[in-house]
Amino acid sequence: MTDVIFDDVDKRYRQGDRQVHALRGCSLHIRQGEFFSLLGPSGTGKTTLLNLVAGFETPDGGRVTTGARPVTRPGRDRAVVFQAPTLLPWLTARDNVAQGLRGSIRSRSARRAAATEQLAEVGLADAAARHPYQMSGGMQQRVGIARALVMNPGVLLMDEPFAALDSYVRKEMQQLIVRLQRERAVTTVFVTHSVEEALLLSTRVGVMAAGRLADVFEVPFEHPRDVTSPEFNELRRTVLDRIAAGVRSERSGV
């Protein structure tokens, strides 16, 4: 297992003649084995933070480390699940998952065997031979999750992976993630716009505002979590109020 540390991280982009601060002095310690969700309006730095952990981008100031090692590029110790599954359409579910092992297992039969086992873990034992066009959106996202997990990463990065799914399938996927987290305890960083989803899944929830980590909330509830309980809804209101305060502050230029 691996922890993730942001130490006074800055990230800037050019937009025409302007320089935009995506992250400003962001510091955060995500503990090994925890499920940490990031909330906040679009443009507050959530995906930038995720991309820095993945090694897709590098900071302009400060340092990002995973397992005490500086992140300088993508690596097999960090796996990403995107909003769109990005499966290769000409490959079966099994071979899409096996793609993740090409750099570590030379034997094609061994890769396929590992992929078959991983598909069973995400509930797709009977769909290994299907192509993406033969699967629903939820099934395709399960394949994407299996492709990430088959690498046995220390850190799992998830960028709004259920945003495009209908409410019923989304609930199924949330239940899957809770089970996988209980079984594997992989350090997970999860970006979402849904406060309820973050509170359903997470150990802690971070609220982003104007490129900074505005607040972090502990989620003290055991699984399965009751979204109708007074305690759950009180915490949801508190988090929503913090997000709204960040929006007001940004608009006022504070």
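Colleague: What should I know about the source?
Modeller: This is a predicted model, where local features need pLDDT of at least 70, side-chain atom pairs count only at pLDDT 80 or more, and totals for chains, interfaces and linings use all residues. Residues are numbered from 1 along each chain as its sequence is written, and side-chain values use heavy atoms, with hydrogens and water left out.

Colleague: OK, how many helices and strands does the protein chain have?
Modeller: Seven helices and 10 strands. Those are DSSP runs numbered from the N terminus, with helices being H or I of at least four residues and strands E of at least two.

Colleague: And how compact is the protein chain?
Modeller: Its radius of gyration is 19 Å, close to the 18 Å from the globule rule for 254 residues, so the chain is as compact as a globular protein of that length. The radius is taken over C-alpha atoms, and the rule is 2.2 Å times the number of residues to the power 0.38. Along the principal axes, the C-alpha atoms fill a box of roughly 55 × 45 × 35 Å.

Colleague: Sheets next. What's the order in the six-stranded one?
Modeller: The order is 6-7-8-3-9-10, an open sheet with mixed pairing. Strands count as paired if DSSP finds at least two bridges between them.

Colleague: Which strands stand at the edges there?
Modeller: Strand 6 (78-81) and strand 10 (212-218); each has a single partner strand, so one side of each lacks a neighbour in the sheet. On average, neighbouring strands of this sheet are turned by 20 degrees against each other, direction ignored. Axes here are lines fitted to C-alpha atoms, for helices over the stretch in contact, and angles run from 0 to 180 degrees between N-to-C directions.

Colleague: Do strands 7 and 8 pair in the parallel or antiparallel sense?
Modeller: Parallel: strand 7 (residues 155-159) and strand 8 (residues 187-191) share five bridges, and Met 158 sits opposite Phe 190 in strand 8.

Colleague: What about the four-stranded sheet?
Modeller: That one is open and antiparallel, in the order 2-1-4-5, with strand 2 (18-30) and strand 5 as the edge strands. Strand 1 (residues 4-15) is joined to strand 4 (residues 61-66) by five bridges; Ile 5 partners Thr 65 and Asp 10 faces Gly 61.

Colleague: Which strands does helix 1 lie across?
Modeller: Helix 1 (residues 46-54) lies across strands 3, 6, 7, 8 and 9, at about 150 degrees to strand 7. Helix 1 also lies across strands 1, 2 and 4, at about 115 degrees to strand 1. Contact means heavy atoms within 4.5 Å.

Colleague: Switching topic: at what angle do helix 4 and helix 5 pack?
Modeller: Helix 4 (residues 137-149) and helix 5 (residues 167-184) pack at about 20 degrees, with axes 11 Å apart. They are therefore roughly parallel, since angles under 35 degrees count as that, over 145 as roughly antiparallel, 65 to 115 as roughly perpendicular and the rest as oblique. Among the residues that meet are Ile 145 and Leu 149 in helix 4, and Leu 176 and Leu 180 in helix 5.

Colleague: Where's the cis peptide bond?
Modeller: From His 223 to Pro 224, with omega near -5 degrees. Pro 224 is in the loop between strand 10 and helix 7 (230-252).

Colleague: And what's phi like at Ala 68?
Modeller: Positive, near 70 degrees, in the loop between strand 4 and strand 5. Most residues other than glycine have a negative phi. In that hairpin, Gly 67 also takes a positive phi, near 60 degrees.
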